[in-house]
Amino acid sequence: MGKKEKGKPNQLGEVSRDYTINLHKAVHKETFKRKAPRAVSHIVRFAQKNMLTEDVRVDPQLNEAVWARGIRNLPRRIRVRLQRKKKEEDDGKGKYYTLAQYVPVDSFDNLKTEITKAQ
């Protein structure tokens, strides 16, 4: 096992992970008219933290899944696939971006974070 050198950051690569995000906990005690927008921004913050990228792009199907029952009646949990991808254009905000996609599931029982290589 190689030892990590001090002061050298890990090299990021393209990777894909499936997460379950508890939206109910994220928007607890939030005003009704702010629940869905806050849930989307919570997903973006979650992706930034876990995928180590500043640029997060939310897929339209994920946005529709959050807003499916209106602004105030959110799903309690949502399954999200976060893919770290290499940028084609060079706009100076890092080499990678994260694409957040909706993963439909029947039940959230016994779901774990699944790590796969990016396609």
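**Exercise 1. Pairing of strands 3 and 4**

Task: Determine which residue of strand 4 is the bridge partner of arginine 84, and state in which sense strands 3 and 4 pair.

Solution. 
Step 1. In this predicted model, arginine 84 has threonine 98 of strand 4 as its bridge partner.
Step 2. Strand 3 covers residues 77-86 and strand 4 covers residues 96-102. The two strands run antiparallel to each other, and 7 bridges join them.
Step 3. Arginine 84 also has a bridge partner in valine 15.

**Exercise 2. Pairing of strands 1 and 3**

Task: State over how many bridges strand 1 and strand 3 pair, and find the bridge partner of threonine 20 in strand 3.

Solution. 
Step 1. Strands 1 and 3 form an antiparallel pair with 8 bridges.
Step 2. Threonine 20 is bridged to arginine 79 of strand 3.
Step 3. Consider next how far strand 1 is covered. Of its 8 residues, 6 are buried, and the strand is thus described as mostly covered.

**Exercise 3. The surroundings of arginine 81**

Task: Decide whether arginine 81 is buried, partly exposed or exposed, and list the residues that it touches.

Solution. 
Step 1. Arginine 81 belongs to strand 3.
Step 2. Its relative accessibility is 27%. Buried requires a value under 20% and exposed a value over 50%, so arginine 81 counts as partly exposed.
Step 3. When residues up to four places away in sequence are left out, arginine 81 touches Ser16, Arg17, Asp18, Leu99, Ala100, Gln101 and Val103.
Step 4. Arginine 81 and tyrosine 19 are 62 residues apart along the chain, while their C-alpha atoms are separated by 6.3 Å.

**Exercise 4. The aromatic pair**

Solution. 
Step 1. Tyrosine 19 is part of strand 1 (residues 15-22) and phenylalanine 46 is part of helix 2 (residues 35-51), so the pair ties together parts that are 27 residues apart in sequence.
Step 2. Tyrosine 19 has a relative accessible area of 10% and is therefore buried.

**Exercise 5. Arginines over rings**

Task: Name the ring over whose face arginine 57 lies, and do likewise for arginine 72.

Solution. 
Step 1. Arginine 57 is placed over the face of tyrosine 97, at 3.8 Å from the ring centre.
Step 2. Arginine 72 is placed over the face of phenylalanine 32, at 3.8 Å from the ring centre.

**Exercise 6. The nonpolar core**

Task: State how many residues make up the largest nonpolar core, and which element supplies the largest share.

Solution. 
Step 1. The largest nonpolar core contains 20 residues. Leu23, Ile43, Val66, Ile78, Val80 and Leu82 have the most contacts inside this core.
Step 2. At least two core residues come from each of strand 1, helix 2, helix 3 (60-67) and strand 3.
Step 3. Helix 2 provides the largest share of this core, namely 6 residues.
Step 4. Leaving out residues up to four places away in sequence, isoleucine 43 touches Ile21, Leu23, Leu62, Val66 and Ile78.

**Exercise 7. Positive phi values in loops**

Task: Locate lysine 29 and leucine 52 in the chain, and decide whether lysine 29 and leucine 52 are buried or exposed.

Solution. 
Step 1. Lysine 29 has a phi near 60°, which is positive although the residue is not glycine. Lysine 29 sits in the loop between helix 1 (23-26) and helix 2.
Step 2. The relative accessible area of lysine 29 is 77%, so lysine 29 is exposed.
Step 3. For leucine 52, phi is likewise near 60°, a positive value in a residue other than glycine. Leucine 52 lies in the loop between helix 2 and strand 2 (56-58).
Step 4. With 56% relative accessibility, leucine 52 counts as exposed.

**Exercise 8. The chain as a whole**

Task: Give the order of helices and strands along the sequence, and the percentage of residues that count as buried.

Solution. 
Step 1. The chain contains 3 helices and 5 strands, arranged along the sequence as β-α-α-β-α-β-β-β.
Step 2. The chain has 119 residues, of which 32% count as buried.
Step 3. Among contacts with a separation of 6 or more, 68% join residues 24 or more positions apart.

How values were computed: Residues numbered from 1 in each chain as written. Predicted model: local features only at pLDDT ≥ 70, side-chain atom pairs only at ≥ 80, totals over all residues. Heavy atoms only, no water. Helix = DSSP H or I, 4+ residues; strand = E, 2+ residues; numbered from the N terminus. Buried < 20%, exposed > 50% of the residue type's maximum accessible area, 1.4 Å probe, protein only. Lys NZ or Arg CZ within 6 Å of the ring centre and 35° of its normal. Pairing = 2+ DSSP bridges. Core = buried A, V, L, I, M, F, W, Y, C linked by side-chain atoms within 4.5 Å. Contact = heavy atoms within 4.5 Å.
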